[in-house]
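Please consult the sequence and the structure shown below while reading.

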Amino acid sequence: MILDYRKLAKLKSTYVDALPKLINPKTGRIHSSFNQARAATGRLSSDNPNLQNIPIRDEAGRKIRKAFEPRDENHVLLAADYSQIELRLIAEISQDEAMLDAFVNGHDIHQATAAGVFNKKLDEVTPDERRAAKTVNFAIIYGAGATNLSKQLNIPRKEATVLIENYFKQYKGLKKYMTETVEFAREHGYVLTLMGRRRYLRDINARNGLERSNSERIAINTPIQGTAADMIKVAMINIHRALKEGNFKTKMIMQVHDELVFDIPKEELEKVSPIIEDLMKNAMPQLKVPILVGMDTGKNWLEAH
DNA sequence: AATTTCACG
DNA sequence: ACGTACGTGAAATTA
């Protein structure tokens with residue numbers, strides 16, 4: 001009951017009460033800031049208000065997302081998302097054969113991972129196994145250990161250890177990438193995204209084991225999260241230019257890490273949406289791994305997903 | 001002013 | 001032997 005209460009109190013104080021106060025009387029809209037040099041990985045952040053943490057995961061929160069609408073009834077919102085961008089990029093960066101293969105062949109990556117770690121054929125994977133494999137995929141990106149994974153999956157630590165072992169048997173290239181990235185960081189004191197942006201890691205050679213471990217996880221995660229950030233930034237620049245050069249009235253109004261949101265006059269939709277899709281997919285055209293973009297429109301932000 | 005909690009990717 | 005999942009921002013609570 002306390003948790004239920006807090007869930008609603010959070011939504012009320014952070015969104016329902018706060019957002020209407022931030023509507024600019026001249027424009028009738030909320031004008032937040034997107035900070036370009038704040039997040040250590042190269043992501044954007046958003047504040048005043050933060051538009052990158054508008055609820056979506058549960059029913060009460062979805063009602064808040066519904067309140068975000070296009071400027072008028074002649075416009076629609078379009079949301080364009082990169083599909084599993086960080087997993088695709090770890091496959092690309094590590095050049096792991098099995099993971100690249102899964103993406104190239106258009107497999108469901110979580111299902112493919114489940115088949116590997118549970119020693120099953122693709123079509124024999126159960127929904128629970130797929131869910132567990134999804135958690136493992138994300139745990140790996142963040143450098144989680146067996147203790148954490150066991151808590152996430154509500155299983156004994158030993159079983160989590162086995163899952164991780166099977167995972168790296170399946171994706172040997174990922175293991176290699178992680179080891180080599182930490183070695184690179186120890187030697188140079190920084191790590192790199194695919195586009196060459198650096199993040200320095202002061203504690204990578206710390207004598208304090210916890211500090212060192214923290215830095216090692218950052219070393220593993222930053223090239224992935226940071227490359228995804230680089231990619232969407234390139235896409236945003238190219239899209240902005242294309243909208244300008246085409247004299248479109250479409251406005252790019254939000255970015256949420258792997259998603260762009262546009263306010264589009266209905267009559268422009270047919271012309272503009274393939275341009276957006278193309279420029280998002282091809283922001284980094286030299287990659288082996290396929291990059292997919294999902295797109296949807298609606299009369300509010302919830303419907304556009 | 002610092003910490004905790006919780007919203008998102 | 002133990003223990004550690006990455007990146008944010010806002011509101012409420014505690015010091």
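The model is predicted, so local features need pLDDT of at least 70 and side-chain atom pairs count only at pLDDT 80 or more, whereas totals for chains, interfaces and linings use all residues. Residues are numbered from 1 along each chain as its sequence is written, and side-chain values use heavy atoms, with hydrogens and water left out.

Helices are DSSP runs (H or I, at least four residues), numbered from the N terminus. The buried residues of H6 include Glu 129, Ala 132, Val 136 and Asn 137; buried means under 20% relative accessible area (1.4 Å probe, protein chains only).

Helix H3 (residues 85–94) packs on helix H10 (residues 209–245) at an angle of about 110°, with axes 9 Å apart. Axes are lines fitted to C-alpha atoms over the stretch in contact, and angles run from 0 to 180 degrees between N-to-C directions. H3 is therefore roughly perpendicular to H10 (65 to 115 degrees). Contact means heavy atoms within 4.5 Å; among the residues making it are Leu 89 and Ile 90 of H3 and Ala 228 and Met 231 of H10.

Gln 225 lies in H10 and, at 15% relative accessibility, counts as buried. Leaving aside residues up to four places away in sequence, Gln 225 touches Thr 41, Arg 43 and Glu 86. The C-alpha atoms of Gln 225 and Ile 141 are separated by 8.9 Å, although these residues are 84 residues apart along the chain.

Conventions
Chains are lettered from A and ligands numbered from 1 in the order in which they are written. Helices (H or I, at least four residues) and strands (E, at least two) are DSSP runs, numbered from the N terminus. Angles under 35 degrees count as roughly parallel, over 145 as roughly antiparallel, 65 to 115 as roughly perpendicular and the rest as oblique. Buried means under 20% relative accessible area, exposed over 50%, partly exposed in between (1.4 Å probe, protein chains only).
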